[in-house]
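Student: Hi! Could you walk me through this one?
Tutor: Happy to. Here it comes.

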Amino acid sequence: MSSFPAGSLRCCRCPSCSSPFDLSAAEYRRNGPARRGLRHVRDTPARGPTIAPRSPALRGMMHFMHVDADLCGGSIVVTGHHGAEAELSLRADSAAGIRQWFHFRVRGARGRHVELTIHDAGEAMHPDAFHGYRALASYDLERWFRVPTHFDGRRLVLQHRPEHDTVHYSYFAAYPLDRLAALLSVVDRSPRARVLPIGASVEGRPIHIIVLGEEHPGKPRLWITGRQHPGETMGSWFVEGALVRLLAEDDLVTDTLLHEAVVYVVPIVNPDGSTRGNFRTNAAGRDLNREWQAPSDELSPEVASVRSAMEQAGVDLFLDVHGDEHADVAFAIGCAGNPGYSERLYELERRFTRSLARRDGGFSSELDYGADDPGKGDLRIGNNWVGERFDCLSMTIEMPFKEGPSGFGPDRAAELGRSSLEAVLESLGALR
Ligand SMILES: [Zn+2]
């Protein structure tokens, strides 16, 4: 275990970031852009909207563009730059050779035509998924939009003319841990919910569970987990949408749900990977969604913690929320290959997916990965293991990285989180 302070949710990896704008003009002239390892780009003056330079020193600084990934969940390698063009490379997961996720910041590019080229996108885990894909951008990490993106089978090129000095680009809308901390603070103040630690990650970050509703014997126990795969940030937006609705006091759906059932939410199962900017693994290089059959206290304590909490509370429904690189609509996968799969579970899956498809145009009940051969389901996978262990409705929800026909983005993921509660309520009476 590392020395990461228990109880803190702040990103610990990122050094405090600085830019030439932090420095006095004299200091900047003396040390230049190389100070603190910064990489800057000299460029021709901007043609778009600019601010009037007040001094010769400031005018000089305005010619630089700066790219970095010193962010919670940040990931990119800057390999070169020229003018407003940057040469980039995908960074591998911290303890595994998996590359797909990127999240970085560009500063000093307001009004300039920026071209950001990821030269090794063709060597990513799912290179073909970059065809027909457009990257997301945001000025404030709150509102996200897509930018023109081209993939030639090898290089992924993002082109954009930012309207502000600082802009973030991500494979999908980033969800930093300080956003989770703010959400947990809101949840904690609600009389409907408890926020409890159920364990710690490899690096000592807490695994939080949110319990909503009164626990009574006989009440259905409904579980939602997100971010086993840290780069699938749509899982966090989904969970946030569901949680905000569960806290609303004038919502008939959630009033009824919490009267009839107890809801357990683990918003981020993999906080280390989410902080480090990993795509798929935790700090020990483990794919947590292949650890459920035999989690290790040393290498996958995150899954061990969630499994242990499930054994204590019981499970009657499980939704494990993920993202799919190739899909352009959301869909769900049941556990048809499990040894204990039954007609009852098939009917429950069908009822739930059809109900959700009726409520959300971005969700399809017709799509899945194809059923495993009977009895051959991979019980290392979370929803398979839970479905087998608790003989319950247990599904993986997959949401797209691509925008697809519904214009999928973080707002749509949150909407799916909200509408999924209606499908859960409709399934409630049939769960047992
Ligand atoms: Zn996943």
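Tutor: Let's begin with one residue. This is a predicted model, and in it Glu-215 touches Val-262 and Tyr-264, leaving aside residues up to four places away in sequence.

Student: What does the side chain of Glu-215 do with the side chain of Tyr-264?
Tutor: The two side chains make a polar contact, at 2.5 Å.

Student: Nice. Where does Glu-215 lie?
Tutor: Glu-215 is in the loop between β13 and β14, the latter covering 221-226.

Student: And how far apart are Glu-215 and Val-263?
Tutor: In sequence they are 48 residues apart, and in space their C-alpha atoms are 9.1 Å apart.

Student: Is Glu-215 buried, exposed or partly exposed, and why?
Tutor: Glu-215 counts as partly exposed because its relative accessible area is 49%, while exposed means over 50% and buried means under 20%.

Student: OK, switching to the sheet. What order do the strands come in?
Tutor: There are 7 strands in an open sheet, ordered β12-β13-β15-β14-β16-β18-β17, with mixed pairing. At the edges are β12 (193-200) and β17 (331-333), each pairing on one side only. From one strand to the next, the twist averages 25°.

Student: How do β16 and β18 run, and how many bridges join them?
Tutor: They run parallel, and 8 bridges join β16 (residues 317-324) to β18 (residues 393-400). Phe-318 stands opposite Ser-394 in β18.

Student: Which strands does helix α9 lie across?
Tutor: Helix α9 (residues 382-390) lies across β16, β17 and β18, at about 165° to β18. Helix α3 (residues 177-188) lies across β12 and β13, running at about 135° to β12.

Key:
Residues are numbered from 1 along each chain as its sequence is written. This is a predicted model: local features need pLDDT of at least 70, side-chain atom pairs count only at pLDDT 80 or more; totals for chains, interfaces and linings use all residues. Side-chain values use heavy atoms; hydrogens and water are left out. Two strands pair if DSSP finds at least two bridges between them. Helices (H or I, at least four residues) and strands (E, at least two) are DSSP runs, numbered from the N terminus. Axes are lines fitted to C-alpha atoms, for helices over the stretch in contact, and angles run from 0 to 180 degrees between N-to-C directions. Contact means heavy atoms within 4.5 Å. Buried means under 20% relative accessible area, exposed over 50%, partly exposed in between (1.4 Å probe, protein chains only). A polar contact is a pair of N or O atoms within 3.5 Å; within protein, one must be able to donate a hydrogen and the other to accept it, and residues adjacent in sequence count only if both atoms are side-chain atoms.
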